[in-house]
Amino acid sequence: MAARCNFWLPKKKRFCSNVLLRDSQFCGNHTQRSDGQWVPCPIHPSHSVLEENLQSHLKRCPFFKQAQSLSIQPFYQEGINAGKEEEEGGQNFSSEMKRNAVHGMTLFEFSQLINKIKSIHASICSDIGDSFKIPQACDIWTNRQVDRGLPFQEKHVMQQASILGNLEEFGVLKSCGDDAVSGTLKSEASGDDDDVPSVVEFGAGRGYLTQVLADCYRIKKILLVERKSYKLKADRSLRQKESVTLERLRIDIEDLKLNAVESLQGVPYLAIGKHLCGPATDMTLRCCISKQCNQHNDAPSDSTCRLIGLAIATCCHHLCQWKHYINKRYMLDLGITKDDFNAMTWLTSWAVDADHGSDLCGTGSFDLQIRENEHVESDPSTYDVKNMVKNMKAVDRAVVGLMCKDIIDVGRFMWLKEHELECELVKYVPSNISPENRLLVARQKS
C-alpha cells in the first residue's frame with residue numbers, strides 16, 4: 001500500500017490521504033520544500049504546480065476552459081473595477097506582510113498610529129447609528145413559514161431581513177399592504193409589470209439574500225454574480241417561481257462590465273450584497289456607480305442599466321488593499337498614508353477578539369502615550385510592538401479593530417456622497433448577531 005501524506009488537516013481532523021512525493025513526507029499539495037519550484041497557477045491561484053511542469057499544466061488546467069469561455073463574453077473586461085493603473089500603488093499585501101510591518105514599527109510610531117486612529121474615529125464616525133429593521137413583508141421568513149427544504153438559520157435570516165428593512169425604510173423597497181408577499185421595488189418606472197426593476201446580488205454565494213427578497217417582494221429579474229461554484233444554491237427554488245427570470249454569472253466582480261450584460265439593458269436595478277469581503281465592496285461600488293463603465297461602453301445611453309438603490313453589508317476589512325480602495329484621496333486628506341492604511345486593515349482583525357454581547361465602541365479605557373525617546377525603544381528585544389500587542393486587553397484590541405473598520409467604511413460612504421447619491425452608514429444588526437454589522441445603503445436622488 002502506498003504511503004500517505006503526513007500533512008494534518010485541522011478542519012477535517014485527519015491526515016491528508018494523498019500519495020507521498022518521492023523522497024518526501026508530503027504530497028504535491030502539501031510539500032514543505034522551500035526551493036521555490038512551486039508556483040501558483042496563472043489561470044487560477046487556488047492551486048500550485050511545479051515550475052518545470054507549468055506549461056503542460058496550463059493545457060489541462062480544469063479552470064482553463066472556464067477562463068477561455070469567460071474572456072469572449074461582452075461583459076468581461078479584465079480589471080475594469082480594480083481602479084485606474086496610476087492608482088494601484090503596487091502589489092497586494094498579504095496579512096503576513098501587514099503584520100510584519102506593524103511589528104516592525106517602533107513603540108513611538110505604533111503609539112502615534114493608535115492615537116491617530118482614535119482621533120479620526122472621534123471626528124468622523126459619530127453618526128453611525130443602530131438601524132435593526134425587520135419589515136412586515138419578511139414575516140414568512142422570520143416566522144419560519146417558508147419551504148422546509150430551504151435552509152433556515154435565525155442569525156442569517158435576521159441579517160437578510162434587516163438589510164431589506166433598511167432598504168424599505170430608506171424608500172428603495174416599498175411595502176404594498178398587509179400580505180406578506182406584497183412588497184415591490186420602488187423606482188421611477190411606470191406602473192407596467194414589465195418595468196419591475198431587476199435585482200443584482202454581488203458576491204451572491206448560494207443566493208439566499210435574493211431568495212428572501214424574492215419571497216417577500218415582487219421582483220421579476222434576478223442576476224447573481226459570484227466567482228465561485230457552490231452546491232445547495234437557492235437557484236432551484238428561485239427558478240420555480242413562474243414570474244422570476246434568473247441568471248447567474250460566474251465572474252469576478254473585478255472584471256464585470258455591468259452595462260454590457262444583455263439582460264440588464266435599459267432596466268433599472270437594485271444592487272445588494274451581504275458580507276462582501278474586503279476589496280469586493282470597493283469593486284462593487286465602482287461596478288455600479290463609476291462613470292468609467294460608460295466610457296468603455298459604445299452602446300447608446302438609453303440602453304444601459306440604471307442603478308436605483310444599493311445595500312452592501314461590508315466585512316473582512318483585513319483583506320482590503322490600498323490599490324483597490326475606492327476613496328484614497330479622502331484617506332490622504334485625513335492624514336492616513338498607504339502604510340497607515342495597510343496597518344489599519346491588519347488591525348481590523350482585532351475586532352473579533354472580545355465578547356460581542358454588547359456594543360464595544362467607546363468601552364476601551366486604554367491610552368498609549370509613548371514619548372519618542374522612551375527608554376524601552378533603545379532595546380527592542382526587551383519590549384517591542386509585538387509584546388505590547390500581547391499585553392493589551394482583548395476588549396482594547398477589539399475597540400481599535402472596530403474603529404479601523406468604521407474609518408474604512410466612512411471613506412466608502414463619503415465616496416457615495418461625492419457621486420451625488422443619498423446614503424447612510426448604519427449598524428443593521430446587533431453585534432451579538434454578527435460583529436460584521438455595518439451596512440451601506442444608497443439611492444439615486446429624486
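These legends go with a handful of close-up views of a predicted model. Residues are numbered from 1 along each chain as its sequence is written, and side-chain values use heavy atoms, with hydrogens and water left out. Because the model is predicted, local features need pLDDT of at least 70 and side-chain atom pairs count only at pLDDT 80 or more, while totals for chains, interfaces and linings use all residues.

**View 1**
pLDDT is the predictor's confidence in each residue, from 0 to 100. The protein chain has a mean pLDDT of 82, and 79% of its residues reach 70 or more. Two stretches deserve a second look. Residues 189–195 stay under 50, and the model gives them 5 contacts (heavy atoms within 4.5 Å) beyond four places in sequence. Residues 292–303 are also below 50, with 17 contacts beyond near neighbours in sequence.

**View 1. The largest nonpolar core has 69 residues.**
A nonpolar core here is a set of buried Ala, Val, Leu, Ile, Met, Phe, Trp, Tyr and Cys residues joined through side-chain atoms within 4.5 Å. Buried means under 20% relative accessible area, exposed means over 50%, and partly exposed is in between (1.4 Å probe, protein chains only). F110, F202, L256, L258, I289 and L347 have the most contacts inside this core. Helix α14 (residues 394–418) gives the most to it, 10 residues; helices (H or I, at least four residues) and strands (E, at least two) are DSSP runs, numbered from the N terminus. Zoom in on F202: leaving aside neighbours within four places in sequence, its contacts include V225, I253, L256, L258 and C288. A second, separate core has 40 residues, among them Y208, L213, A214 and I222.

**View 2. An open sheet of 8 strands has mixed pairing.**
Read the strands in the order β5-β14-β15-β13-β12-β8-β10-β11. Two strands pair if DSSP finds at least two bridges between them. β5 and β11 stand at the edges with a single partner strand each, so one side of each has no neighbour in the sheet. β5 pairs with β14 (residues 421–427) in the parallel sense over 2 bridges, and G129 stands opposite V426 in β14. Helix α14 lies across β13 (306–315), β14 and β15 (438–444), at about 160 degrees to β14. That angle is between N-to-C directions, on a scale from 0 to 180 degrees, using axes fitted to C-alpha atoms, for helices over the stretch in contact.

**View 3. D235 and R248 form a salt bridge.**
A salt bridge is a side-chain nitrogen of Lys or Arg within 4 Å of a carboxyl oxygen of Asp or Glu, and the structure holds 11 of them. In this pair the closest N and O atoms are 2.8 Å apart. D235 is in helix α8 (residues 235–239) and R248 in strand β11 (residues 245–249), so the bridge ties together parts 13 residues apart in sequence. D235 counts as buried at 7% relative accessibility, whereas R248 is partly exposed at 22%.

**View 4. E169 reaches K133 in another salt bridge.**
Here the closest N and O atoms are 4.0 Å apart. E169 sits in helix α6 (residues 154–169) and K133 in the loop between β5 (129–130) and α5 (139–142), 36 residues apart. E169 is exposed at 58%, while K133 is partly exposed at 29%.

Shared partners join D282, D409 and R412 into one salt-bridge network.
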